[in-house]
Amino acid sequence: MRSNVARFRLETLPDLFSTLELMAREPCVWRPFAGGTDLMVLFEAGKLEHRNYLNIWHLPELRRIEETQEFIRIGALTTYSKILAQSTLQREFPLLCRAAAETGSVATQNRGTLGGNIANASPAADSPPALLVYDAELELVSAAGARWIPYHRFHSGYKVMDLLPTELIHSIRLPRDKSSWRQHYRKVGTRKAQAISKVCFAGAVDVSGHQVREIRIALGSVAPVVLRCTKTEDLLRGQTVSPDLVQTARNTLAREIAPIDDIRSTARYRTRVAQNLLEEFLMGLGESA
Amino acid sequence: MTKYVGKSAPRKEGRDKVTGRAKYVDDLTFPGMVHGTTVRSNIARGRIAGIHYEPLIPWNEFTIVTAKDIPGRNSIALILEDQPCLCDSQINHPEEPILLLAHSDRYLLEEARRAVRVEFEPLPPVFTIDDSLARKQVIWGEDNIFKSFLVKRGDMDAAWKAADLVVEGEYLTGAQEQLYIEPNGMIAVANPVDGVTVWGSMQCPFYIHKALAALFNLPNERVRVVQTETGGGFGGKEEYPSMIAAHAALLAWKSGKPVKMIYDRAEDMAATTKRHPSRTRHRTAVTRDGKLLAMEIDFALDGGAYETLSPVVLSRGTIHAAGPYFCPNVRISGRAVATNAPPHGAFRGFGAPQSIFALERHIDRVAKAVGLSPAEFRRRNFIQQDQTSAVGQVIHEQVDMIHLLNRALQLSDYEAKTRRFAVENPGNQLKRGMGLAAFMHGAGFTGSGEEYLASVAGVEATSDGAIRVLSASTEIGQGTNTIFAQIAADALGIDYESIEVAQPDTSIVPNSGPTVASRTCMVVGKLVESAALGLKETLLRSGFLTDPYSADQFTVACKHYVSRHGSLKSVVQYQPPPGIHWNDQTYQGDAYGTYGWAVYVAEVTVDTRTFETRVDDFVAVQEVGKVVNPVLATGQIEGGIAQGIGYALYENVFWREGRMVNSQMTNYIMPTAADLPRIRVFFEEHPYPYGPMGAKGIGELPMDGPAPAIVNAIEQATGVSIAKIPVTPEVLMEALEAVHA
Amino acid sequence: MPEAGEKVTVACSINEKRVTLRAFPMERLLDVLRRDLQLTGTKEGCGEGECGACSILMNGELVNSCLVPALHAEGAEIVTIEGIARGEELHAVQQAFLECGGAQCGICTPGMVLAAVNLLDRTPSPTDAQIRDGLSGNLCRCTGYMRIFEAVLHACRATGIHK
């Protein structure tokens, strides 16, 4: 235990409104604390620099999952376990469920939240690639009101995001328009379970015959942010999948990502595997499309 | 016939473990106890220029210990005394302890640790075996060499001339962290009146005892070491606990309070010992029909900054380097060298996994060069009973490696799968392969080691007629308590349940030596058996007991004897088996009283999209003498194989300037329940006459085989010959791309 | 607002007993259990939520107590390893660990037993893959997990629910 617990504050206010009010009144003083699966690790390692936290774990407003014809709306405090147990998500959003199942262990899945995974802003996070593929939108709330932003615009640099110190992520909204698309998720981690990803691929494509009508590709651990690969998407949109096209797409992807060497892997490996996973995804379309 | 040995008696302390009642060191609290911590160096090599205490910490509340506070010698006594307990000037690695702090508030203690600023004058460091051998800097002794051995047999020059083929290779293994799940820890009570007592997590109470006596300059009887329940060791709690005990005791001595020092995971991984990295070069002469003519082996270990156990690790690695083969001409050069990393140390296998990895990879390469299958080449060269090993040991015991090989091939369906994969692999993204490794592991201390140790163990009757086993051999999960009770129960002809095993406490138990080297069951277990037989003999001679007797009659006899004579205790000292001779000068002779013999087969799948290797099946066939407790023995083999799979594929220590930088469980990758194949364990039993009821050592053997078997299987799957572990996906990708480029 | 350094009161149920604790709000539940309640069966192996030695059940869910701030225990139903046996009568999972060799050094055992109990609560008749997945957050360095898998299956058989 490498922090002095006596120097940290973790306060609980009765409801969402009073929590947001305090954040507005004392901006930059307070940061939210949800399931703690990231913050507690930093805290124990003596690497948690911010000292004052507002507990939001108890707020029911942030836990709801709501469905309409067009959307499913997931409260930011929804845990991975709850995602895995939700039938619409299982049926229509398999990439998100795969991501949830591959995040940490059962114990982590019981405490880790979707909103926390987003706000922690790790480029190696498992669920953001799925959220990018599903065209997720985030609802951000503050004492002043709420706003929606497309998730692909949320992260703008390593741990930099479009979130004011007075705001909380309230919920994540996914349009229910891709359940007929071909979807593919593969996390390549340091081991089979309890792993941090070295490359994480999520893709969905609307195909007609072998022709790509619309496509989404997103990757984790290959850039300072989880990356929606729009250049590769643009290249593929409207095209018919062929070995030549796959090769061109591989080259485009390699230019689009910016992986690094670190203690988990190498830039060369990440590039090659990202290309191979893209190829696996595209060639899979040919098999039974 | 035995009633308990050979059957799976339930673990003695199992009930306490499954209910959470077992007390490990961090579970203990003493009145007035304070916490201790260590301030370490942060450069690899240099001199201490000054120590500064930053303000805002109430330093007057802290106990602060430096080298000046040491009453006796400032070293951790082991073989040489080159490792300081606390550095006072020269820094030789980035985790050297410099200063100790104690305080009752462990949170404030951590703040204080960070507020001690040590200034250094850096000196140029050495980090690799090659740089050390080249003496880029001389950092230890005159030539950086802790120890070297030379094993010679036959006429090498003639063999090279007679050879049809010479095959060369170089093989590398990385450091490996033991990663016991209970981190190291000690509690000490120490003052000039009562002497020094420590309780803690350890393998070797008398190693700590020796270190503390020298450090405090105290007579043996004023130092007491007690082992608490220990959450795994694997060699990692062989030598370093002496350091932690020394630190806790120094703080206790100065503060006058009980001091608890528990390492957190990051400190434990970075500062304590790991398996020695190695580099092995092979040059092998063979005939056209696949007979070994000559083996030239250059085996080098990175020992880290101080000698510690490196000479002994080197010795075992050197002796095992030629493996279970007969070769008329052999030259093995072994060297352990200094680098500016924390000292590497004991880890299950103790040098043998390194040299056997190299050998068993190389044997596949040689087989390929002469156009034989890996199995057939080995079959033609296995050592047989009455043949002589590389170190000149005539193998008198019954050994049948061909039978072990055939059984392993059959159980793994090796031949059929090899043929099937050869057909299926081309054009498939998933490439499958089979690989095998054949090896042996010497049980007990090497050479004259057991004679020097002269271990003692005993058995006594308590006043209520119960029987208690007395030894310093620690239960660290491997089953010491259980097997000793089984052995004693059978020797005495009484119930397993009525045998107690004393907690290792140097004030009570005799020195049965360290709990290492696969010696606990075979060597100390034999002493327990002999002591039990002696106790029974005493009772029979005394007239309190007559043969045949019931368990109740035995208990009554014990009570009578104790009430008449005050005590009933039988103590036995180790005697080497007849006909065992070892020459420390020539490094020739009977290196070990006996060996465990094994053939392992791994089946793997390599995914050529992600370069990940998955082990699909693992067959382990071994001959280990009489199996004392099948469930425990199987568990030992399975656990060793799991560590071996980690060693082969996952476990990678990342070094930066001599320091481990991935010192977290998140980033040092050991296998989870989802990563391992079904591990299938099979025993052959050739009872060893000098082990208890025929048992041999078992604990280290399973560490030796998995890595070469797996990497051999990767070669069969992909056609790429990898010479370095761990074979991470990144390594495999580079190797595959180099071949296809 | 209380200043930094102030402890708070947390009321919860631990092993079916009502308990009121005083702790710093960010203090690890692990430390509170071990230090204030002497429930030392919950172990610390890594302090980063990776090894599972500190596993407990919180409101019926498996959690790593090293990652739970004391404040989050407010109102919770907590079960630690000390609450698994009924007096001297072992839980079927504990008995199976004993018989099958599921415990070696024993340091991961409390967490592993809780993970297995939780797995069987959720999945009374687990497949091999479900057992591996359910226990994959609990690291064991001794056994290679094989005896543990067998213990879980044995516990299923013993409770008569495994097919």
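Biologist: Why is Gln38(C) called exposed?

Modeller: Gln38(C) has 11 other C-beta atoms within 10 Å. A residue is buried if 20 or more other C-beta atoms lie within 10 Å of its own, exposed if 12 or fewer, and partly exposed in between, with C-beta atoms placed from the backbone. Because its count is 11, Gln38(C) falls under exposed. One thing to keep in mind is that this is a predicted model, in which local features need pLDDT of at least 70 and side-chain atom pairs count only at pLDDT 80 or more, while totals for chains, interfaces and linings use all residues. Residues are numbered from 1 along each chain as its sequence is written, and chains are lettered from A and ligands numbered from 1 in the order in which they are written.

Biologist: Thanks! Where is Gln38(C) placed?

Modeller: Gln38(C) sits in the loop between α1 (29–36) and β3 (55–58) of chain C. Helices (H or I, at least four residues) and strands (E, at least two) are DSSP runs, numbered from the N terminus.

Biologist: What is the mean pLDDT of chain C?

Modeller: Chain C has a mean of 95, and 94% of its residues reach 70 or more, on a scale of the predictor's confidence in each residue that goes from 0 to 100. The model as a whole scores ipTM 0.97 and pTM 0.98.

Biologist: How many residues of chain B are in contact with chain C?

Modeller: There are 41 in chain B, and they meet 39 residues of chain C. Contact here requires C-beta atoms, placed from the backbone, to lie within 7 Å. On the chain B side, α1 (14–19) and α17 (630–649) each give two or more residues, and α17(B) gives the most, with seven. By class, that side has 18 nonpolar, 13 polar and ten charged residues. Here Ala, Val, Leu, Ile, Met, Phe, Trp, Tyr, Cys and Pro count as nonpolar, Asp, Glu, Lys and Arg as charged, and the others, Gly among them, as polar.

Biologist: And which elements of chain A give two or more residues to the side that touches chain C?

Modeller: Between these two chains, 28 residues of chain A are in contact with 27 of chain C. The elements in question are β1 (9–12), α2 (39–44) and α6 (106–109) of chain A.
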